[in-house]
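Let's take a walk through a protein model together. Have a look at the picture first, and then we'll go through it piece by piece.

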Amino acid sequence: MPVRPHPEDCADSLLLADDGTTLARMRIRDDSGMRVAAEVRPLPGAAQSQIAEQARRDLAGFRLETSDDGLAASLVAGGLALHRAATDMRHGLADVSAPVTLPAGWSLGSPGWDDDLAEGLAAAYGPGHPDGPWQASDTEAVRAMFDVGDPVPPLLPASARLVDPDGRSAGHILCAGPVPWTDDVCAWILNLAVAPRAQSRGFGRALLTHALRGAHEAGLPAVGLSVADGNPARRIYESAGFRPHTRVLSVLLPEPSDPPVCVPAKRAS
């Protein structure tokens with residue numbers, strides 16, 4: 001049975017069993033060329049094992065994201081690997097700290113991308129990082145944001161580069177907002193990183209505070225981010241006032257022999 005759009009909510013889609021029973025609700029979106037079935041929510045009475053089996057057929061080739069531990073466990077029990085386990089967090093911007101004073105010679109410069117940043121982030125995201133090493137595709141995604149606003153343009157007041165006394169980039173924070181992949185209106189921190197040569201000096205907190213203040217000044221009511229399990233940066237986020245919003249468990253569904261068909265639903269009268 002194909003995936004169908006929700007008849008009353010155009011933003012959502014429904015996963016149906018072969019007999020037409022509705023199993024789960026979700027949001028279909030594109031993430032830099034990757035098809036994503038986001039916020040997969042089992043409906044009451046639907047068995048996780050049945051949803052997992054149906055998803056492997058009708059959502060083959062997608063990245064499935066869910067906060068339901070049982071559904072993720074059923075997919076893993078069926079031989080798939082958990083791609084990422086993370087927590088989406090939010091800061092309500094009701095209490096934002098004053099700007100952090102930087103050491104002499106250091107500054108926060110205008111956002112952008114350069115070779116020093118590429119080198120620094122490649123070193124910061126080593127093989128042992130919870131999100132894996134920095135890839136060429138990550139650099140391409142950042143450049144696309146600045147060059148053509150794809151998939152969203154940067155939120156410039158909340159983004160910045162960390163610049164050392166020699167004028168070289170040593171880290172950055174990259175934000176967008178509001179973003180189309182959240183139910184709530186918020187800015188989103190896409191990347192916060194400091195090159196190893198500048199770590200353990202409070203620069204991560206300085207960049208984070210800049211983002212919070214910039215989002216607040218831009219009139220956004222909250223700031224969100226996703227932090228992978230095991231990432232020590234979560235301690236910085238919590239100390240800055242971020243709180244858990246939802247769990248996100250991601251599983252890559254095997255590629256299909258043929259792509260799934262999406263049949264248009266009739267509009268509700």
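## Charged pairs

A salt bridge is a side-chain nitrogen of Lys or Arg within 4 Å of a carboxyl oxygen of Asp or Glu. Before counting, a word on where this comes from: the model is predicted, so local features need pLDDT of at least 70 and side-chain atom pairs count only at pLDDT 80 or more, while totals for chains, interfaces and linings use all residues. Residues are numbered from 1 along each chain as its sequence is written, and side-chain values use heavy atoms, with hydrogens and water left out.

How many salt bridges does the structure hold? There are 18 of them. One joins Asp31 and Arg63, whose closest N and O atoms are 2.9 Å apart. Asp31 sits in strand 3 (residues 22–31) and Arg63 in strand 5, so this pair ties together parts that are 32 residues apart in sequence. Helices (H or I, at least four residues) and strands (E, at least two) are DSSP runs, by the way, numbered from the N terminus. Arg63 also meets Glu65 in a salt bridge, at 2.9 Å from N to O.

Are these residues buried or exposed? Buried means under 20% relative accessible area, exposed means over 50%, and partly exposed is in between (1.4 Å probe, protein chains only). Arg63 is buried at 12% and Glu65 is buried at 11%, whereas Asp31 is partly exposed at 27%.

Another bridge pairs Arg84 with Asp131, with 2.7 Å between the closest N and O atoms. Arg84 belongs to strand 6 and Asp131 to the loop between helix 3 (115–124) and helix 4, so the link spans parts 47 residues apart in sequence. Both partners are partly exposed: Arg84 has a relative accessible area of 23%, and Asp131 has 36%. There's a network as well: through shared partners, salt bridges join Asp9, Asp12, Arg25, Arg27, Glu39, Arg41 and Asp183.

## The nonpolar cores

In soluble globular proteins, nonpolar side chains tend to be buried together. Here, a nonpolar core is a set of buried Ala, Val, Leu, Ile, Met, Phe, Trp, Tyr and Cys residues joined through side-chain atoms within 4.5 Å. The largest one has 29 residues, and those with the most contacts inside it include Leu162, Ile173 and Phe242. Elements giving two or more residues to this core include strand 8 (160–163), strand 9 (169–176), strand 10 (187–194) and helix 5 (203–217). Which element gives the largest share? That's helix 5, with six residues.

Zoom in on Phe242. Leaving out residues up to four places away in sequence, Phe242 touches Met89, Arg90, His91, Ile189, Leu208, Leu212, Val223, Leu225 and Tyr237 (contact means heavy atoms within 4.5 Å).

Helix 2 (residues 69–77) has three buried residues, Leu71, Ala72 and Leu75. They cover an arc of only 100° around the axis, which puts them on the same side of helix 2; the arc is that of the directions from the helix axis to the C-beta atoms. Their cover includes strand 4, helix 1 (48–58), strand 5 (63–66) and strand 12 (243–252). The face turned away from the buried side carries the exposed residues Asp69 and Ala77.

After helix 2 comes Gly79, with a positive phi near 105°.

A disulfide is counted when a pair of cysteine sulfur atoms is within 2.5 Å. By this rule the count is zero. Cys175 is in no disulfide, and the nearest cysteine sulfur, that of Cys186, is 10 Å away. That is too far for a bond. Cys175 is buried at 1% relative accessibility, and Cys186 is buried at 0%.

Two cis peptide bonds deserve a look. One joins Asp150 and Pro151, with omega about 0°, and Pro151 lies in the loop between helix 4 (136–148) and strand 8. Another joins Gly177 and Pro178, with omega about -10°, and Pro178 is in the loop between strand 9 and strand 10.

Positive phi values turn up in non-glycine residues too. Glu39, in strand 4 (residues 34–42), has a phi near 50°. For Leu93, phi is about 60°; this residue is buried at 5% relative accessibility and lies in the loop between strand 6 (82–91) and strand 7 (107–109).
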